[in-house]
Structures are given as C-alpha cells and as structure tokens.
Amino acid sequence: LVIMEATIVCNETLAYLSASNGLQRFLNHRDISLPGKFEEFERDCNDRGLWATDPPKCLSDIVEAVFGAVFVDAGLDKAFGVVDHMMKPVLNALQVALKGMAVDDVTSKISRGMIHPKQFVHELAGGILNVKSWKEEVFAITKPNCPIWKGGGIWGQAERHGTAHIGLIESLGIDIIGIEERSAHIARNRACAIAMLVFETHPDLIETLQSFSQVLRDGTVDKEERDADN
C-alpha cells in the first residue's frame with residue numbers, strides 16, 4: 001500500500017494528470033521558460049515514459065490547489081468527487097495492473113510498469129540498495145573507474161567537465177550501476193528502473209536481497225544487545 005500510495009501522489013503522476021487535463025493553461029506566471037518545459041514533459045511522457053520525466057513542480061501544484069479550492073469552497077463531499085474524477089485514469093490503471101494478483105506478487109507489479117521505481121526499490125531492498133545522484137564532474141573525480149550507461153547502447157565514464165547527472169545504485173559500498181541523464185531526478189528514477197528490470201529477469205534476487213537484509217538487521221540487533229550487556 002505504501003508503494004502504491006507513493007505512485008499515486010508523486011510529482012510525476014500529478015503532473016501527468018495536470019497536463020492531460022490542460023490545467024497548465026490556467027497558470028498565471030511570468031516565467032518564459034515554462035511553456036517549453038510543459039512541452040518537454042508531454043514529449044518525454046510519450047517518448048520515454050512517465051518515470052523518465054522531470055516535470056515542473058507547478059504542474060502537480062495545480063492539481064493539489066484545485067483539490068484544496070473545491071474543499072474550501074464546497075466541502076468534503078464535493079472535494080472527494082473532484083479527486084475521484086481527476087485521479088480515475090491512474091486509479092483505473094492500478095486496478096487493472098493489480099487485478100487478480102497476489103498481494104506479494106511483486107514481479108508482476110514490476111512488469112506492469114505502474115509502480116514508481118524509486119519507491120519500489122526503496123521498499124523492496126530494505127536498506128540493501130541505496131540510490132544517489134551525483135553531478136557528473138564530481139562523480140568523475142570521486143569514481144573515475146565506474147562505468148556509466150549513457151543510453152543508445154553506449155557505456156563510458158563520467159567526464160570532469162561534464163554537465164550531466166549520474167544516478168548510482170550501490171549496495172554495501174559496491175557500485176552496481178550508474179545512469180547518465182540531464183537531471184538528477186531522472187537519473188535516480190532510471191537507475192531504479194534498471195534495477196526493477198533486473199528483478200523482473202531474475203526474481204530470485206528479490207528473496208535473496210530480502211533475506212540478506214534480514215540477516216544484517218538481526219546481526220545488528222544481536223551486537224547491540226551484547227554491547228548493552230557489557
């Protein structure tokens with residue numbers, strides 16, 4: 001439920017609902033860069049998928065503002081009706097994705113592509129996997145030998161004068177994979193999405209990671225108890 005909640009209320013989902021309803025047309029602003037960002041977001045949704053986008057925060061803010069305005073003006077029941085109407089495409093998609101699925105059938109959830117990759121990795125790995133974003137020039141100095149996926153079938157290293165961002169997944173201090181993207185937000189999401197694909201291909205890794213996480217937690221508790229006794 002926590003994972004699904006994060007998917008429903010995240011910035012990308014609310015921005016998608018805002019753009020699909022054309023709410024950006026009613027935004028009063030003086031930022032000449034916003035129309036281009038709106039177009040870029042809609043183009044990325046179509047070409048790369050929702051989780052490979054970095055929408056302007058104002059898009060999701062509009063949706064939340066509409067919900068709040070209806071609640072203040074017309075009360076809770078009317079607000080519920082508006083929320084149900086605007087969120088229906090996402091809720092219906094989740095319902096279809098999870099229909100007939102066992103509660104713990106996480107592999108099927110991954111294949112449906114409905115779960116936010118960052119939240120899924122965070123909840124699933126239980127602290128074993130960590131996701132970080134780096135500026136490319138800092139990453140190039142700190143981890144010069146770490147291979148980076150640059151897209152289009154190309155691997156390489158970060159450049160000291162680069163301006164991109166690197167999304168890195170690591171486990172217990174070991175670098176797993178780095179992804180180069182134009183923003184830190186997209187880099188983190190895409191690194192997590194790659195991890196999700198790995199779990200889908202090798203579902204046994206899910207139980208292995210969860211078991212390993214439990215062993216580490218149990219070991220930490222035992223050590224703390226011994227230290228307390230001493």
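Two strands pair if DSSP finds at least two bridges between them. Helices (H or I, at least four residues) and strands (E, at least two) are DSSP runs, numbered from the N terminus. The model is predicted, so local features need pLDDT of at least 70 and side-chain atom pairs pLDDT 80 or more, while totals for chains, interfaces and linings use all residues. Residues are numbered from 1 along each chain as its sequence is written, and side-chain values use heavy atoms, without hydrogens and water.

**Exercise 1.** Describe the sheet and the pairing of β2 with β5.

*Solution.*
1. The sheet is open and consists of five strands in the order β1-β4-β5-β2-β3, with mixed pairing.
2. β1 (129-135) and β3 (154-156) are the edge strands; each has a single partner, so one side of each lacks a neighbour in the sheet.
3. Strand β2 (residues 148-151) and strand β5 (residues 174-181) are parallel and share two bridges.
4. Within this pair, Ile148 lies opposite Gly178 of β5.

**Exercise 2.** Determine which residues of α3 are buried and on which side they lie.

*Solution.*
1. Helix α3 comprises 15 residues, 34-48.
2. Its buried residues (under 20% relative accessible area, 1.4 Å probe, protein chains only) are Leu34, Phe38, Phe41, Asp44 and Cys45.
3. These residues lie on the same side of α3, because they cover an arc of only 130° around the axis, taken from the directions from the helix axis to the C-beta atoms.
4. Glu39, Asn46 and Asp47 are exposed (over 50%) on the face turned away from the buried side.
5. Among the elements covering the buried residues are α2 (11-20) and α4 (57-74).

Technical notes: Expected span 1.5 Å × (residues − 1). Contact = heavy atoms within 4.5 Å.
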